[in-house]
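Here is a short briefing to read alongside the structure. Have the viewer open and follow along topic by topic.

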Amino acid sequence: MTIPSLPIRLFTSAMLLIWLLAPLLAQGEFVGTVLGVIDGDSLRVMHEGTAEQIRLLGVDCPEERQAFGTRAKEYTSELAFGQDVTVYGDKRDRYGRRLAEVLLPDGRSLNQELIKAGLAWWFRKYSKDLRLGELEPQAREAKRGLWAEPNPVPPWEWTRPRS
């Protein structure tokens, strides 16, 4: 048995890394500065000379007038405003916003950080991201953020017309 030479191992490692990252790169990756935070799960990011509206994929923060809605917006601002972030995603919602995962300069996912802090629900209906599904029960059990409330109402129910 021979041990592959260093160049072959490096090449193999590089190819493996490219193979693992290819799905993310194919999703319309770009780096831009966060120019504004609209609410907890929506921001404006500079992309090709335009402020593009980004809707965080897989999370749903409380609405502004809901409990923790203002806190979710503040937290998103604390983490992302003025930062150069990496945006992954090329699908659009019905309002034309890019649906994306946003990585902060230190590599953390803004989407995941909101769930961890208890400032967003995992939006199961539109997300297959099981990591978000693992983080939500942890925040709930720790009673972080909105989970400190006895019966938090998800935004998709709060905004539904009441009859």
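In which helix is the place of isoleucine 115? Isoleucine 115 sits in helix H3, in a model that is predicted.

**Overall fold**
- The protein chain has five helices and seven strands.
- Read from the N terminus, the elements follow the order α-β-β-β-β-α-β-β-α-β-α-α.
- Of the 163 residues in the protein chain, 39% count as buried.
- Taking contacts between residues at least 6 apart in sequence, 57% join residues at least 24 apart.

- Isoleucine 115 counts as buried because its relative accessibility is 0%, and the cut-off for buried is under 20%.
- Setting aside residues up to four places away in sequence, isoleucine 115 touches Val59, Ala120, Trp121, Trp122, Leu132, Leu135, Glu136 and Ala139.
- Isoleucine 115 and glycine 133 are 18 residues apart in sequence, and their C-alpha atoms are 9.0 Å apart in space.

**The largest nonpolar core**
- In soluble globular proteins, nonpolar side chains tend to be buried together.
- Here the largest nonpolar core has 27 residues, and those with the most contacts inside it are Val45, Ile54, Val87, Val102, Leu110 and Leu114.
- Two or more residues of this core come from each of strands S1 (30-39), S2 (42-47), S3, S5 and S6, and from each of helices H2 (69-80), H3 (110-116) and H4 (130-142).
- H2 provides the largest share of this core, with four residues.
- Valine 87 is in contact with Val45, Ile54 and Val102, among others, when its neighbours within four places in sequence are left aside. The contacts of valine 87 also include Glu29, Arg98 and Glu101.

- Glutamate 52 is part of strand S3 (residues 50-56).
- With a relative accessibility of 10%, glutamate 52 counts as buried, since the limit for that class is under 20%.
- The side chain of glutamate 52 makes a polar contact of 2.9 Å with that of arginine 92 and one of 2.7 Å with that of arginine 98.
- Beyond its neighbours within four places in sequence, glutamate 52 is in contact with Phe30, Leu43, Arg44, Val45, His47, Arg92 and Arg98.

**The largest pocket**
- The largest pocket has a volume of about 980 Å³.
- Its lining comprises 33 residues, with Arg55, Asp93, Leu99, Phe123 and Tyr126 nearest the centre.
- By class, 12 of the lining residues are nonpolar, seven polar and 14 charged.
- S3, S4 (59-60), S5 (84-92), S6 (98-103) and helix H5 (155-158) each supply at least two lining residues, and S5 gives the most, with four.

**Two positive phi angles**
- Most residues other than glycine have a negative phi.
- Glutamate 48, in the loop between S2 and S3, has a positive phi near 55°.
- Glutamate 48 counts as exposed because its relative accessibility is 73%, and exposed means over 50%.
- Phenylalanine 68, in the loop between S4 and H2, also has a positive phi, of about 75°.
- At 25% relative accessibility, phenylalanine 68 counts as partly exposed.

Methods
Residues numbered from 1 in each chain as written. Predicted model: local features only at pLDDT ≥ 70, side-chain atom pairs only at ≥ 80, totals over all residues. Heavy atoms only, no water. Buried < 20%, exposed > 50% of the residue type's maximum accessible area, 1.4 Å probe, protein only. Polar contact = N/O pair within 3.5 Å; in protein donor to acceptor, adjacent residues only side chain to side chain. Contact = heavy atoms within 4.5 Å. 1 Å grid on protein atoms, 1.4 Å probe; cavity = no way out; pocket = protein on both sides within 12 Å on 5 of 7 lines; lining within 4 Å. Points joined across faces, edges and corners; volume = space filled by probe spheres on them. Nonpolar A, V, L, I, M, F, W, Y, C, P; charged D, E, K, R; others polar. Core = buried A, V, L, I, M, F, W, Y, C linked by side-chain atoms within 4.5 Å.
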